[in-house]
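Please read the following report alongside the sequence and the model.

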Amino acid sequence: MVSADLVRTVVGIIGNVISLLLFLSPVPTFVQIWRKKSVEQFSPAPYLATLINCMVWVLYGLPIVHPNSTLVWTINGTGVAIETVYLLLFLIYSDKKRRFKVLQIVLAEVVSIALLATLVLTLVHTTKKRTAIVGIVAVVFNTMMYASPLSVMKIVITTKSVEYMPFYVSLASFANGVAWSAYAFIKFDPFILAPNGTGALFAVAQLILYAVYYRSTQRQIAARQAKGDVGLSEVVVNGSSRKTNSSRNGHGSEG
């Protein structure tokens with residue numbers, strides 16, 4: 001008979017693969033940013049939320065915090081590296097004001113995790129208590145990661161366009177939430193189950209929005225191309241910046 005530990009390990013490996021795909025799913029977005037030399041209306045919020053989420057889970061998965069969680073800290077360590085690259089590209093192609101804001105948030109995240117690790121590892125002396133403390137923090141930040149696209153969902157509803165809500169990110173988020181929920185069910189871990197179950201529901205909402213507004217998005221893109229419009233990108237004219245008009249009436253970016 002197959003043991004529960006073996007099944008959990010297999011599901012965890014599947015979760016690792018899906019999580020890696022989730023981390024890599026914004027690559028087309030950043031290729032677009034690189035080609036246009038501008039972040040346009042793309043928001044840094046999902047990548048900032050994912051960065052701190054991964055840092056917390058690396059801490060949670062350490063043997064001195066939560067033993068037998070190698071599959072947790074390895075994939076999240078990979079996530080930290082990938083999100084760092086994304087944020088570096090975002091900083092390169094952002095305006096000065098947004099760049100400074102993103103740098104402040106990243107610094108605050110790093111300091112917060114360093115402080116949490118120091119306090120937990122020096123003041124708490126059992127893995128059970130360390131698991132509980134870091135697990136609660138991880139639940140909060142994991143839920144923030146999955147909920148971070150809510151700002152983009154607001155833009156989708158307002159503009160009736162999914163142009164700035166990449167489909168594959170939403171799809172990967174859904175698959176990731178389901179896989180890690182299954183992993184947490186096999187050997188019950190409420191700290192992994194709660195945020196990933198919630199994340200799967202958030203992802204379903206995003207996929208529904210994509211289905212509802214996909215056609216209107218294609219019409220808007222076609223209309224812009226027909227008019228030779230450049231969309232929502234910021235255009236610099238004679239040293240001053242202005243927003244170009246488009247079928248979405250120039251809604252500002254969510255940063």
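Asn68 lies in the loop between H3 and helix H4 (70–92), where helices (H or I, at least four residues) and strands (E, at least two) are DSSP runs numbered from the N terminus. Lys37, in turn, is found in the loop between helix H2 (27–36) and H3. Most residues other than glycine have a negative phi, and the table lists the two residues with their values.

| Residue | Phi | Relative accessible area |
|---|---|---|
| Asn68 | positive, about 60° | 70%, exposed |
| Lys37 | positive, about 60° | 49%, partly exposed |

Here buried means under 20% relative accessible area, exposed over 50%, and partly exposed in between (1.4 Å probe, protein chains only).

This is a predicted model, in which local features need pLDDT of at least 70 and side-chain atom pairs count only at pLDDT 80 or more, while totals for chains, interfaces and linings use all residues. Residues are numbered from 1 along each chain as its sequence is written, and side-chain values use heavy atoms, with hydrogens and water left out.

Of the 17 residues of H3, 15 are buried.

Helix H7 (residues 150–159) packs against helix H9 (residues 190–227) at an angle of about 35°, with the axes 10 Å apart (axes are lines fitted to C-alpha atoms, for helices over the stretch in contact, and angles run from 0 to 180 degrees between N-to-C directions). By class, this contact of H7 with H9 has eight nonpolar, three polar and no charged residues.

The mean pLDDT, the predictor's confidence in each residue from 0 to 100, is 82 for the protein.

How values were computed. Ala, Val, Leu, Ile, Met, Phe, Trp, Tyr, Cys and Pro count as nonpolar, Asp, Glu, Lys and Arg as charged, and the others, Gly among them, as polar.
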